[in-house]
Amino acid sequence: MKLYDSIITTVLDETKKAGVIEITDNANKPWPVTENSELVMMRDSAFELGGGMNPSTNYTLVSTEVSMDEDGVFLVGKDISELSSDCPFARIVIIKTEEIGESEEAYDAIRNMEFARYHVFPEGYMVRVSSQSNQEQVRLSNVAVRKGINFSAVGKAYIDKYKAIDHVLNVRIIFITDKELVENLSQYAKKADDITKSLTHIYDGLATDCGHCDFKQVCDEVEGMKEMHLGMANKKKKEKTET
């Protein structure tokens with residue numbers, strides 16, 4: 001599975017140029033999580049990540065090929081303890097998986113990995129995610145900030161959630177509070193989303209007339225996508241004939 005690899009390469013290159021640092025060991029353990037999303041009222045909040053007019057983005061990239069043998073949490077910009085007001089925000093997740101092939105199982109696995117972002121609830125860290133705009137805003141409570149919440153501990157909480165999913169080998173969480181980089185990398189959220197949507201198109205067995213397909217550009221640009229689409233169409237046609 002290499003569908004997202006070109007975006008992964010770009011993200012890693014751009015964050016490296018921007019001075020990304022590893023912060024995995026800045027916390028001894030994951031930040032505590034709750035079973036459901038915690039409501040943080042404005043009067044109880046310290047500030048927001050991606051709040052106000054600040055840019056924000058979030059997306060998940062999956063690969064079997066990426067060179068990544070350990071879990072890690074990384075940061076470009078200021079950590080939570082260094083912030084005092086609303087700021088730009090991005091959280092990009094790169095997941096290395098076992099070989100999951102090119103089947104419905106692969107599609108289901110990727111969707112499970114994407115949906116995990118909606119089911120992590122760090123204490124005092126209220127997340128609002130827009131799947132349509134690929135934005136993620138976080139409202140931090142005064143209590144959590146006073147207790148020393150940081151991206152390392154939050155990242156570890158997310159990693160624990162992802163690692164509980166079948167096929168996941170390693171996870172890299174990249175937090176970004178640098179405005180220029182958030183704006184730069186936001187453009188790839190839609191492309192990542194389009195790749196995932198095109199998988200839906202493939203596994204739903206929709207028409208393979210490329211001239212009339214909304215995802216033609218994705219298939220043209222993403223290595224292996226067109227072959228996967230046609231292969232799945234032929235498989236379904238054969239299954240239909242046999243029945």
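Trainee: How many aromatic pairs does a search of the whole structure find?
Mentor: The search finds 4 aromatic pairs. A pair here means rings of Phe, Tyr or Trp (its six-membered ring) with centres within 6.5 Å; planes under 30 degrees apart are stacked, over 60 edge-to-face, and the rest tilted. Keep in mind that this is a predicted model: local features need pLDDT of at least 70, side-chain atom pairs count only at pLDDT 80 or more, and totals for chains, interfaces and linings use all residues. Residues are numbered from 1 along each chain as its sequence is written, and side-chain values use heavy atoms, with hydrogens and water left out.

Trainee: OK, what kind of pair do Phe-89 and Phe-175 form?
Mentor: Phe-89 and Phe-175 are stacked, at 6.2 Å centre to centre with 25° between the planes. Phe-89 lies in strand 5 and Phe-175 in strand 8 (residues 168-176), so the pair ties together parts 86 residues apart in sequence. Strands here are DSSP runs of E, at least two residues, and helices are runs of H or I, at least four, numbered from the N terminus.

Trainee: Are those two buried or exposed?
Mentor: Both Phe-89 and Phe-175 are buried, meaning under 20% relative accessible area; exposed is over 50% and partly exposed is in between (1.4 Å probe, protein chains only). Together with Phe-151, Phe-89 and Phe-175 form one aromatic cluster.

Trainee: And what about Phe-115 and Tyr-118, how are they arranged?
Mentor: That pair is tilted: 6.4 Å centre to centre, 45° between the planes. Phe-115 is partly exposed at 37% relative accessibility, and Tyr-118 is partly exposed at 28%.

Trainee: Switching topic, where is Ile-94?
Mentor: Ile-94 sits in strand 5 (residues 89-97). Ile-94 is buried, with a relative accessible area of 1%.

Trainee: Which residues does Ile-94 touch, not counting those up to four places away in sequence?
Mentor: Its contacts (heavy atoms within 4.5 Å) include Ile-8, Leu-12, Leu-61, Met-68 and Val-171.

Trainee: Last one, which ring does Arg-91 lie over?
Mentor: Arg-91 lies over the face of Tyr-158, 4.0 Å from the ring centre. Likewise, Arg-172 lies over the face of Phe-74, at 4.4 Å from the ring centre. The test is NZ of Lys or CZ of Arg within 6 Å of the ring centre and within 35 degrees of the ring normal.
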